[in-house]
Amino acid sequence: MPARRLRRWIPAVLASTMFASAPLLAGAQTCATLTLTLAYGSTDVQTEGQVSMLQEFLGIVPATGYFGPITHAAVVVWQTGHGISPIGIVGPLTRASMRCADAAFAPQASGTSPASIPPPVAPAFMPRSSMRIVSDCALENETPVVTNWSAAAGGFSYLGSDAVQFAPTPIPSDGFHTGVPYYTYGSNFLPATDTYIADTWDSVAVSYSAVRAFTRALCKETGVAVKVLRPDASVANGRVASAPGYVQIVHGIPMFRSMFSVVLPPNWDASAPRGTYPIVAEGFYHTNWLVGAPGASGSDPLLAGLVADSGTGGKPGAIGIYWNGGGALGSYTINPAARAQFGEIIEYVARTYGGDPDRIAMMGQSRGGITALLMASNPDPHEYRVRYVFAAQPEVKLTALVGIYGSAFPAYYDSADWLTGFANAWTPGWTYPSDIGRPELAGLGLAAAVAKIGTGSSDVSSIDAHYAPIAPKMVRALHDAGTTVFFSHSTNDRFMPDGFALEYLDMLRQYAVPFEVQYDVHAGHGWDIALAKAKMSDAIEDLMAGRQPTVQNGKITYRRADRADGSLTAFLPEDDQPPFSVVAPQSTYTALSSVIYFSGVPGTQYRLQLRNQDTGDITAVSGTIGGTWDSVYRWNPNPGTYRYLSLSIKRPGESVWRYLSLRDTPTSDARRVFTAVTAGSPAAQSGTSLSRLLAANLNPVAGHEGITWGITHTTPSVPEGSVDFRLTAVYADKRGVQRELILSNENPSQRVDVDLNAREYSWGLEAVGADYTQPFSCIETQPNGTELDCSDKLWINGRDINERLQIGTYTFRFTYGGATYTRSVAINVPLVRTGSAPMIDSLSPRFGSSGSSVVIRGSNFTSAGNQVWCMSGCTYSPGVIPNAANLPSADGASISYLVPIASPGPYSIAIKNERGESNTATFVVTQ
């Protein structure tokens, strides 16, 4: 889809007024001291009269005290005239421009960095660029692989490598002792403010064989050998080499109440002075995840790979830091003390290895993204500067999570376990026990206890204002440091509500922090490693050359996760604005907190109808999204299964409602959203088990984990008064590849080739724009002429084995409001699999980078001699894939092979052996 110019997320109807000058009316105030963010829908009651103050300042007569379309348009005009992004929200920049006194901070309205900050310059000393690259992937690592944990001592022991024994540790009679890993309620350790469990040791052990596999895989990927060293290695004792031609990882350094690893480029020079090498840093949970411990996130090879690449081909090189953020079992990075620790680590790396505290790039996903943003903000400030941040799916608001905590985002029940250490912390009315010996926490509820443990303050209301990435002082500090931000965000994220991200981006815009956004729809809580690698590589190149890394300021790129194969493809939402989104519980209990969460452009009105299938009762939900880019409906449902009947929205400036599809879901089939409500309280033993229970049947898009249940506007909307009868089908084509078909007014019929031997197909019907309380009918005609009533199938999806499909044409007729809509699907050319030829049933995964390991599952594979052929897409196709000419299969049903170096894109593969040639399947190379 061709790119189009974005419209800055503002209502189109106001575009004509934005660039006109609007003089203030008679009697208008010459200044206004406002302290709150004001947006469409704000009232005097909510803002202590500040809406009327704003209206009087803008000359709006009468001052009604309600922030409606007139006030919105006037704010847009003011912002346009004062060089502020015209979004119609009165935020910090706009308030500063209206303020009566100049004492308070007034952030710049434009520019990429404050004029007082000079751009970085290339250091006078440049490390050696010519050396022999060692590509021997069999380099031996030092042992033991460090955890700094001793089972005999029951705690920290320098160079210890024991695994932590996960057994309950009784709290002694004299009470809790800070730093001791009490393992309680069969769930988690008890984290403590400022001294977290596992701050200088690692609770996750890693075997030598796992580290060796990690270093060899990284070597094959980058062409540079890797060696892991113990933390006592140094140049002085001869174990850290100068310009060795391979990457050195000094692993598990326990200093500054933290644990971290330093990754040195292959051309690192021991004589290089402080300020020689830029630094690339990541802070994320267990330090051993860097070297391949079980549960590794997949981001860790990225850091070492970036460092390897930085010191080859004549490039100066960069130093990597992998940090546990102050403690793996408690998210220490939201505590201000963590920035002091990070500053000390940076100073140590500068003094010991020649790093440059003024040239830092940070990256991270989830908690790693929070770490990157908060360390970059550095409002204190400490003696370092982060020039560039790649942050993927960070939780930018923390207090606001309390308002949506519950079954719509069940992952937070899981979080309650490890944030407090108590498996029952999720239960309604829970308070921190008084018999643990921690009086500062005793009696606090879940939110206050988490706040106290995470920040040192139990004042929940102050967290977003002072500690979270969205806090004004944090965003202002990013501006002051001249930091540029690349922000990656996904809808249907089980941890990061959509509106939180949109509000954060709005704050970056108001404080003139340069940012670029990758906005993925239906992709859940995860990040695009290939994208992170590309952006971080560019940032490191800039820092090595003494340039400030830049972004295409304000650019937003949209992609949509393909439900069939999980690939991400270009997507442009209607009106070039963030798509409207809803998150709902898939299942809940009457005793749990339940909400329906709406997000999108401020001022958007919404209407949602639900019907309890058990009672027939209809619930009508309506509201308006406010200046926080979201709206929460607090739901107290009765028991039963609720079907979502219709959803419509009206954005600011629009005159008619638009109806949205309820099948725009992140699931891998054609299901519509429903909510199953059970009476009483769940019998879950922990927050982790409850989280799994509430999302047991979610079935997310292939390759995208961490998805929550909901709807995101991805297909064309239907104007009020119109109806579009849609058929959505997911099936396997004649090659066994999963496909999705959507028939609508624009595409009423189609012929498809279906593999009848595939396991199942799914389909669903929907009349978008219909009022289901009015008369309607739905008739399905099968290929044999049988007619069936399909009215009940408008609420659910059908799922069946393909053997029940008939060859021929299926026709669906929907009659409503005096009109009939017909959809037809012709099923033809089935693939009949016969004989003993090999057969491919699935690939796992279906997409990945070059060097990825892929498991092919199917049948009729021989014990040896299997060949993986590239049938299309490769330069040598058709032909045998390199290193895949003589593959074994121990069980005749699975084969493993490594993806060769190839350009990004889809490739069709097949298996050939002495029994014949298989069907084909598609693998997508992502980098």
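R239 is partly exposed, at 24% relative accessibility, where buried denotes under 20% relative accessible area, exposed over 50% and partly exposed the range in between (1.4 Å probe, protein chains only). The model is predicted, and local features therefore need pLDDT of at least 70 while side-chain atom pairs count only at pLDDT 80 or more, with totals for chains, interfaces and linings using all residues. Residues are numbered from 1 along each chain as its sequence is written, and side-chain values use heavy atoms, with hydrogens and water left out.

The side chain of R239 meets that of E142 in a salt bridge, with an N to O distance of 2.8 Å; the term refers to a side-chain nitrogen of Lys or Arg within 4 Å of a carboxyl oxygen of Asp or Glu. R239 belongs to the loop between β5 (226-229) and β6 (247-255), and E142 to the loop between α5 (92-98) and β1 (149-150), so the pair ties together parts that are 97 residues apart in sequence. Helices (H or I, at least four residues) and strands (E, at least two) are DSSP runs, numbered from the N terminus. E142 is buried, its relative accessible area being 15%. In total, the structure holds 32 salt bridges. Side chains of opposite charge can pair when their charged atoms come close.

A further salt bridge links D724 and R823, whose closest N and O atoms are 3.6 Å apart. Because D724 is part of strand β27 (residues 724-732) and R823 part of strand β35 (residues 819-828), this pair ties together parts that are 99 residues apart in sequence. Both partners are buried, D724 at 9% relative accessibility and R823 at 3%. Salt bridges with shared partners also join E574, D575, R651, E654 and R658 into one network.

R351 is exposed at 53% relative accessibility, whereas E347 is partly exposed, with a relative accessible area of 27%. Helix α8 comprises 17 residues (337-353) and should span 24 Å at 1.5 Å a residue, which agrees with the 24 Å between its end C-alpha atoms; the expected span is 1.5 Å times one less than the number of residues. Among the buried residues of α8 are F342, I345, I346, Y348 and V349. The helix is followed by G354, which has a positive phi near 85°.

V206 is located in the loop between β4 (188-189) and α6 (208-222). This residue is buried, with a relative accessible area of 10%. Residues up to four places away in sequence being set aside, V206 touches V145, V211, N288, V291, G292 and A293, a contact being defined by heavy atoms within 4.5 Å. V206 and P144 are 62 residues apart in sequence, and their C-alpha atoms are 9.6 Å apart in space.

An open sheet of three strands has the order β36-β38-β41, with antiparallel pairing; two strands pair if DSSP finds at least two bridges between them. The edge strands, β36 (839-844) and β41 (894-898), each pair on one side only. Neighbouring strands of this sheet are turned by 25° against each other on average, direction ignored, as given by axes that are lines fitted to C-alpha atoms (for helices over the stretch in contact), with angles running from 0 to 180 degrees between N-to-C directions. Strand β36 is joined by five bridges to strand β38 (residues 853-859), and the two run antiparallel. The bridge partner of S844 in β38 is V855.
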